[in-house]
Amino acid sequence: MKLLLLLALVAFLEARPQRPADSKCKTGPIDLVFIIDSSRSVRPFEFETMRKFMIDIIHTLDVGANATRVGVVQYSSQVQNVFSLKSFTRKADMVKAINEIIPLAQGTMTGLAIQYAMSVAFSPEEGARRGVPSVAVIVTDGRPQDRVAEVAAQARDRKIEIYAVGVARADMTSLRAMASPPLKDHVFLVESFDLIHQFGLQFQDKLCGVDLCTEMDHGCQHICVSSPGSYHCECRAGYTLNTDSKTCSAIDLCAGGKHSCEQICVSSPGSYTCRCRAGFYLNQDKMTCTMIDYCSFGNHSCQHECVSVLNGYFCRCNEGYTLLDDGKTCQLEDLCNTVEHGCEHRCVSAPGSYHCVCPEGQLLQEDGKSCSTCRSANIDLVMVIDGSKSVRPQNFELVKQFVNQVVDSLDVSAHGTRVGLVQYSSRVRTEFPLSQYKSAEDIKNAVLKVEYMEKGTMTGLALKHLVENSFSEAEGARPPSKGIPRVGLVFTDGRSQDDITEWAKKAKDAGITMYAVGVGKALEEELREIASEPVDKHFFYTTDFTAINQIAENLKLNICAEESQGEIEVKDPCACESLVEFQQSTLSTLEQLTQKLAGMTARLEDLENQLLSRK
């Protein structure tokens, strides 16, 4: 039966009255893509009928780069692009390509073909044009083996007009799911000669009909847009199409919230302008507003700072000053007399602040208040511990005890000593940075939770991590200007599997005081290369893990910045200049005691006078 129908289609196409050779579509241009079913159910002579169908349709079109463009896609279980919309501009080239099609002869994946047409065939890259109607003609002889309804709906949403042509036993439900509305104009099922005749006339009329916008009273208020066999109305910019699909109403962009005005929106047909409230002016972008700066007029007379407010201004003093009753002039505050400054030696006022100073020969400590001959007993300490396989779990627990024993000897706080911990094996892991914990107890609890890494011994990689990451301000190291010593302590039990020379030198060049602690098979030459000068004071070794607690007791990390960097030597207390410093300090102390004694004497005299007056 199918053979008879297809032969009848060929006979009809050959026998029906032909348009003159120069007859072309009046509407257009359009982008037309044929989507042809070449599954195994389509026999060779049936496929020939499809070829002739496409060729006959093409002969009726006005084909060209600026006229109608044609593309062909065939599909079965896969999709093949025969030629794109941009491929040919001559009918002869299209006919030749169609005659050379080799059917795929597999399944019937119609949904896949529609998806390809939507994503690829009708893309600008393949020759589809913006503003030109997109028309797809799907010709199939069977039921799709995949879903078509959803992907066809997506294609229609993208303004692709779909004609569904079924041959013989094609599934009508699937055809209707694919086609564009109205279905009576877009669905064709070829089952008899009469229907073939009707299909041929209707389909050709749809593609090559008259321009309805010029041939009839379309009723569009603004713009009529013609499409194959139909038309629709559109509105000019700034207007929206009403529900009657013909008349247009001005869009109130202000009411719809589609404007960009910061303060006031003033609507006009299809447009809007922005304005500002009183006390503001419109910026050059014509959208945002800026408060008028009354201080910029130059007549405010403020001694320090003029502050603009809405429709006016007021005067403000710099920090450390008080505004007088005239509202313009400022008077300096002596904070040393008004706050509990806590300076150990002397408080010095400055505008809006104060600072403490120490007597000659002493240095201000990290707390900014107390004085000492040593810059600070506080340090930024990062301990780097070996977590390689050779350490073994039970010894790793001893290493953690060693770390906590070192922590016990430190004055840990946010403004005091900070401690970070890094573990390494074949890789490096920051257990916690300098900034994480503010108390020794928190650090010790965190150390006990550290998990053993095992694997290799990449000491060089660990030193690189120490220099580049651990002592960065992002991880809590304090700036060098604060004078806080940076101390690194490396604990290892064996030979490094990578080179340590470069990063051991870079660590010390970066001002980090390096301590090296080795146990068991650790190499003395590597430990000495890591340690700072003098090496003997910064290098420790023991053969047994059980003895490392003794090293922790001997390790003194609370040191002055200058001593830790080896920049000064400890002074001989019997040297001349040391004696002078001692004499000056003693005289200063005696003077303070004398002042206190004089005060107590005056107080006693006052009490005696009070007793005598009562008698």
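## Disulfides

Ten disulfides are present in the structure, which is a predicted model. A disulfide is a covalent bond between the sulfur atoms of two cysteines. Three of these links are described here, beginning with the one between Cys-261 and Cys-274, where the S to S distance is 1.9 Å. Cys-261 sits in the loop between strand S10 (248-250) and strand S11 (264-268), while Cys-274 belongs to strand S12 (residues 271-275); the pair is 13 residues apart and links distant parts of the chain. Because the torsion about the S-S bond of Cys-261 and Cys-274 is about -80 degrees, this disulfide is left-handed. Cys-261 has a relative accessibility of 9% and therefore counts as buried. Cys-274 is likewise buried, with a relative accessible area of 9%.

A further disulfide is formed by Cys-295 and Cys-306, with 1.8 Å between their sulfur atoms. It links distant parts of the chain, eleven residues apart: Cys-295 in the loop between strand S14 (289-291) and strand S15 (305-309), and Cys-306 in strand S15 itself. The link of Cys-295 and Cys-306 is left-handed, with -80 degrees about the S-S bond. Cys-295 is buried, since its relative accessible area is 11%, and Cys-306 counts as buried at 18% relative accessibility, the cut-off being under 20%. In the disulfide of Cys-336 and Cys-347, the sulfur atoms lie 1.9 Å apart. Cys-336 is in helix H10 (residues 335-338) and Cys-347 is in strand S19 (residues 346-350), so that distant parts of the chain are linked across eleven residues. The torsion about the S-S bond of Cys-336 and Cys-347 is about -80 degrees, so this disulfide is left-handed. Cys-336 and Cys-347 are both buried.

## The chain as a whole

The secondary structure consists of 19 helices and 28 strands. The chain has 615 residues, of which 43% are buried. It exposes about 33200 Å², and carbon and sulfur atoms supply 51% of that area.

Contacts within the chain were also considered by sequence separation. Among those between residues at least 6 apart in sequence, 62% join residues at least 24 apart.

## A six-stranded sheet

Six strands form an open sheet with mixed pairing, in the order S25-S24-S23-S26-S27-S28. Strand S25 (428-432) and strand S28 (539-542) stand at the edges; each has a single partner strand, and therefore one side of each is left without a neighbour in the sheet. On average, neighbouring strands of this sheet are turned by 20 degrees against each other, direction ignored.

Strands of a sheet pair through backbone hydrogen bonds, either parallel or antiparallel. Strand S23 (residues 380-386) and strand S26 (residues 486-492) run parallel and are joined by six bridges. Within this pairing, Leu-381 has Val-487 in S26 as its bridge partner.

## Aromatic pairs

Six aromatic pairs are found in a search of the whole structure. One of them is formed by Phe-402 and Phe-491, which are tilted, with 5.3 Å from centre to centre and 45 degrees between the planes. Phe-402 lies in helix H11 (residues 393-408) and Phe-491 in strand S26, so that the pair links distant parts of the chain, 89 residues apart. Both Phe-402 and Phe-491 are buried.

## Backbone features in loops

Two cis peptide bonds are described here. One joins Pro-181 and Pro-182, with omega at about -10 degrees; Pro-182 lies in the loop between helix H6 (172-178) and helix H7 (183-186). Another joins Glu-533 and Pro-534, with omega at about -15 degrees, and Pro-534 is found in the loop between helix H15 (524-530) and helix H16 (535-538).

Positive phi values are found in residues other than glycine. Ala-105 has a phi of about 55 degrees and lies in the loop between helix H3 (91-99) and helix H4 (110-121). With 42% relative accessibility, Ala-105 counts as partly exposed. For Lys-455, phi is near 70 degrees, and its position is in the loop between helix H12 (440-448) and helix H13 (459-470). Lys-455 has a relative accessible area of 62% and is therefore exposed.

Terms used:
Residues are numbered from 1 along each chain as its sequence is written. This is a predicted model: local features need pLDDT of at least 70, side-chain atom pairs count only at pLDDT 80 or more; totals for chains, interfaces and linings use all residues. Side-chain values use heavy atoms; hydrogens and water are left out. Helices (H or I, at least four residues) and strands (E, at least two) are DSSP runs, numbered from the N terminus. Buried means under 20% relative accessible area, exposed over 50%, partly exposed in between (1.4 Å probe, protein chains only). Contact means heavy atoms within 4.5 Å. Accessible areas come from the Shrake-Rupley method with a 1.4 Å probe; for residues, only the protein chains shown count as cover. A disulfide is a pair of cysteine sulfur atoms within 2.5 Å. Two strands pair if DSSP finds at least two bridges between them. Axes are lines fitted to C-alpha atoms, for helices over the stretch in contact, and angles run from 0 to 180 degrees between N-to-C directions. Rings of Phe, Tyr and Trp (its six-membered ring) pair if their centres lie within 6.5 Å; planes under 30 degrees apart count as stacked, over 60 as edge-to-face and the rest as tilted.
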